[in-house]
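Dear colleague,

My notes on what was found in it follow directly after.

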Amino acid sequence: MPFYEERFMAEEKRDYYEVLEVERDADGRTIKKAFLKKAREIHPDVSDDPDAEEKFKELNEAYMVLSDEEKRANYDRFGFDGPQGFSGYGGFSDFGDFFGGGLDDLLGSFFGGGVQAQSQRRASTRGANRAVYLDITLEEAARGARKKVSYVHSVACESCEGKGTQDAEPHYTTCPACDGRGSTFEMHQSIMGTIRTEVTCPNCKGMGEILSNPCKECDGEGRVEKNETIEIDVPAGISSGQRMVFTGMGDAGIRGDKAGDVIVTIDILPDDRFQRQGDDLYCLLDISSLEAMCGATRHMKDIMGNDIAIEVKPGTQYEYRIVVKGAGMSHLKSELRGNLICIVRIITVSDFTDEELEQLKAMRDARIETSEASEDAEVEAEPKKKKKAKRPRKRARK
Ligand SMILES: [Zn+2]
Ligand SMILES: [Zn+2]
């Protein structure tokens, strides 16, 4: 198994307003001010915090959504699962998107040209993240599980050791097609005349320079595609939609730059017996009418496969909820477990022998006579059957 640094970000995503520390009705200016203030503190180029990059991504994501009227409206209405699909880091996780997105001017004034240029350079060659979806069972989610995850990613080319060339030192020349700008102009004819649009230079792929004597194996990119299988430890208590990030396990950077991450999103398959609600599990418990009347102890296996006893009290009614404390889902951050809630369904016993039925009828009639005698004759002349149906409820209240 390859070595990797594992970071776990299963905590709930923080609310964007909370991240930026602004009120929910803050206007665009306030949001921008809050963003710049925080960006200055936590930007990875100036902060010593080892989690600076992660924090900055979070801040960036919050700002990207709240500064865009449409995305913000969607977020206010739908939360992270909005129809725009902007949930998650996927859309704009890279510094590349960030610095390339026109915001560099905004930040440039704080970090100075040098830092900014460095960031921009790094962004353009950093390896991309790879997204993987992993299905697990509810039991695996409860116990925690070791799972294999397969994906395709770019790795450093062995032939050139990731340099993109067999030369001892890579040698670059300015791209003749774009003069080192990284972009060129395309002309389009329209009824309005000629329209000029700026596009990424196809010759240098936007890098502005060309590598001399590129490696034949990887076309000078310094990396090739490879199937990878890693084993990951899914922690007990994880929920559907939570993500695990494996730093540096994504695509290798171009010509030896920093690698991207693998982001594994967990999906929990439906379970036959249990339904999850937070840390609690719900199940149906079928008992016979006799068990409902007289009480009973039922034994079953919980989600972890442990034996548990469920106490059915005498006089249990349909849809009663019996709570078994601590027999629910594992909690992600502690040893505690949620509860198991059994919803009772009562199956009427229908296979009595003639003899048993006679005994039950005798009991029924005796009860009717007793209650009539004790409660005097207030509702006489009513058919006996009707009265019988009402009785148990009255008695249950005592
Ligand atoms: Zn190569
Ligand atoms: Zn070019």
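This is a predicted model: local features need pLDDT of at least 70, side-chain atom pairs count only at pLDDT 80 or more; totals for chains, interfaces and linings use all residues.

**Overall make-up**

The chain holds nine helices and 16 strands (DSSP runs numbered from the N terminus, helices being H or I with at least four residues and strands E with at least two). Of its 398 residues, 25% are buried; a residue is called buried if 20 or more other C-beta atoms lie within 10 Å of its own, exposed if 12 or fewer, and partly exposed in between, with C-beta atoms placed from the backbone. Among the contacts with a separation of 6 or more, 65% are between residues 24 or more positions apart, a contact being two C-beta atoms, placed from the backbone, within 7 Å.

**The sheet around Val324**

Four strands make an open sheet in the order β11-β12-β16-β15, with mixed pairing (two strands pair if DSSP finds at least two bridges between them). Its edge strands are β11 (275-277) and β15 (321-324), each of which pairs on one side only. On average, and with direction ignored, neighbouring strands of this sheet are turned by 35 degrees against each other, the axes being lines fitted to C-alpha atoms and the angles running from 0 to 180 degrees between N-to-C directions. β15 and β16 (residues 340-347) run antiparallel and are joined by four bridges.

**A hairpin in the open**

β5 and β6 form a hairpin with two residues between them, and they pair in the antiparallel sense over eight bridges, one of which links Ser183 with Thr200 in β6. Of the eight residues of β6 (193-200), the number buried is zero, so this strand lies largely in the open.

Helix α2 (residues 28-42) has 15 residues and reaches 21 Å from its first C-alpha to its last, close to the 21 Å expected at 1.5 Å a residue; the expected span is 1.5 Å times one less than the number of residues. Its buried residues are Ile31, Ala34, Phe35 and Ala39. Seen down the axis of α2, these fall within an arc of 130 degrees, so they line one face of the helix (the arc is that of the directions from the helix axis to the C-beta atoms). The face turned away from that buried side carries the exposed residues Arg29 and Lys37.

Helix α8 (residues 354-374), with 21 residues, reaches 30 Å, close to the 30 Å expected, but α8 is hardly covered, the count of buried residues being zero.

**Two residues to look at**

Most residues other than glycine have a negative phi. Asp179, however, has a positive phi of about 60 degrees although it is not a glycine; Asp179 sits in the loop between β4 (172-174) and β5 (183-190) and, with 11 C-beta neighbours inside 10 Å, counts as exposed. Asn213 has a positive phi of about 50 degrees and is not a glycine either; Asn213 is found in the loop between β7 (209-211) and β8 (223-234), and its 13 C-beta neighbours inside 10 Å make it partly exposed.

With best wishes

Technical notes. Residues are numbered from 1 along each chain as its sequence is written. Chains are lettered from A and ligands numbered from 1 in the order in which they are written.
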